[in-house]
Amino acid sequence: MAKLITPLVPKQIDSAKPKDKPYILFDGGGLYLEVTPLGSKFWRMKFRQANGKENWLSFGKYPDVSLEQVCQKQNKARKLKAAGIDPAENRRAEKEADQERASNTFEKIARQWHANRIETWQPSTAKDIINRLEKDIFPEIGELPVSTITHKQLINALRKVEMRGAHEIAKRLRANCARIFRYAIQYGYTDKNIAADLTDVLKPVRKGHFAAI
C-alpha cells in the first residue's frame, strides 16, 4: 500500500531548519521541497517520462515562489503529462519562445521591414522614413519586443512628435508603424497591429498646414 503523504503547510515550510546534509519535505504528487545545509529551500517535482525514465522540474526558491504558486505550477505540469506532453520539454520550448520574442524588438523588425521595402521607394523617401523612425520612434519603443508594445506606449511616442507641432510627421509615423506591425504579424512576431487601431488618437491635420520637422 502506498504511503499517504500529508500536504505541506506554510508553517511547516517556514519552520524547516537546515541540517548537515540536504533533506526533502514531500508534498505529494511528486512535488517536494529541498532544504539545503545553507538554509535555502527549493521547489522540485519528480515525474516519469514516457520512456519510463525519471526526470525533475525546478519550480524556484521558497518564499519567492509560494506554496500556492508552486501548486499551480504542479497542476500545469500534471495536466501536460496527462495529455502526453513532457513538462520539461514543454518548459524548454516555452523558454526558447520567450527568448525569441524578447529578441524581436520593434527596431529590429522595423529595420527588416525597411530593408524589405527599400527598392520600392525613391532613395530620398527611404532615407526620410528611416530617419524619422530613428529620431522619434526607436528611442521610445525601439528596444521593446514588438509583441509587448502597448497602445499607450506608441501613443506617448507619437504625442511627443505632435507636441513640437509636427502633426503631419506624427500621422506619417503612425502609418509606417502600422505597416511595420502588419509585417510583424505576417512573420508571426506578434498577433496585433496596435498602430492600425489609432485612427482617432492623433489630431487632424489641417489642409495647407505644414508642420516643422
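**Close-up views of the predicted model**

**View 1. Phe 106 and its contacts.** Phe 106 touches Ile 137, Phe 138, Ile 141, Gly 142, Leu 144, Val 146, Ile 149, Cys 177, Ile 180 and Phe 181, leaving out residues up to four places away in sequence. Contact here means heavy atoms within 4.5 Å. The model is predicted: local features need pLDDT of at least 70, side-chain atom pairs count only at pLDDT 80 or more, and totals for chains, interfaces and linings use all residues. Residues are numbered from 1 along each chain as its sequence is written, and side-chain values use heavy atoms, with hydrogens and water left out.

**View 2. The largest nonpolar core, with 34 residues.** Phe 106, Leu 133, Ile 137, Leu 154 and Phe 181 have the most contacts inside this core. At least two core residues come from each of helix 4 (106-117), helix 5 (123-141), helix 6 (151-163) and helix 7 (167-186). Helix 7 gives the largest share, nine residues. A second, separate core has 19 residues, among them Ala 16, Tyr 23, Leu 67 and Val 70. A core joins buried Ala, Val, Leu, Ile, Met, Phe, Trp, Tyr and Cys residues through side-chain atoms within 4.5 Å. Buried means under 20% relative accessible area, exposed over 50%, and partly exposed in between (1.4 Å probe, protein chains only). Helices (H or I, at least four residues) and strands (E, at least two) are DSSP runs, numbered from the N terminus.

**View 3. His 114, buried or exposed?** His 114 lies in helix 4. His 114 is buried, because its relative accessible area is 8%. Beyond neighbours within four places in sequence, His 114 contacts Trp 121, Ala 126, Ile 129 and Ile 130.

**View 4. The hairpin of strand 1 and strand 2.** Strand 1 (residues 23-28) holds Ile 24. Strand 2 (residues 31-35) pairs with strand 1 in the antiparallel sense, over five bridges. Pairing requires at least two DSSP bridges between two strands. Glu 34 in strand 2 is the bridge partner of Ile 24. Two residues lie between the strands of this hairpin, and Gly 29 takes a positive phi near 65°. In a regular strand, side chains alternate between the two faces of the sheet.

**View 5. A nonpolar patch on the surface.** Ile 5, Ile 24 and Phe 26 form the patch, with about 260 Å² of accessible area together. Ile 24 counts as partly exposed, because its relative accessibility is 38%. Patch residues have over 30% relative accessible area and no salt bridge; like charges are joined within 9 Å, and nonpolar side chains (Val, Leu, Ile, Met, Phe, Trp, Tyr) within 5 Å. Areas come from the Shrake-Rupley method with a 1.4 Å probe; for residues, only the protein chains shown count as cover.

**View 6. The salt bridge of Glu 34 and Arg 44.** The structure holds 12 salt bridges. Each puts a side-chain nitrogen of Lys or Arg within 4 Å of a carboxyl oxygen of Asp or Glu. The N to O distance between the side chains of Glu 34 and Arg 44 is 2.9 Å. Glu 34 sits in strand 2 and Arg 44 in strand 3 (residues 41-48), so the pair ties together parts that are 10 residues apart in sequence. Arg 44 is partly exposed, at 22% relative accessibility.

**View 7. Arg 111 and its salt-bridge partners Glu 107 and Glu 134.** The Arg 111 and Glu 107 side chains meet at 3.1 Å, N to O. Both residues lie in helix 4, four residues apart, about one turn of the helix. Arg 111 is partly exposed at 35% relative accessible area, and Glu 107 is partly exposed at 25%. With Glu 134, the closest N and O atoms of Arg 111 are 3.0 Å apart. This pair links distant parts of the chain: Arg 111 is in helix 4 and Glu 134 in helix 5, 23 residues apart. Glu 134 is partly exposed, with a relative accessible area of 35%. Elsewhere, salt bridges that share partners join Lys 46, Arg 48 and Glu 54 into one network.

**View 8. The cis peptide bond from Tyr 62 to Pro 63.** Omega is near 10° at this bond. Pro 63 lies in the loop between strand 4 (54-62) and helix 2 (67-82).

**View 9. Met 163 in helix 6.** Met 163 is exposed, with 70% relative accessible area.
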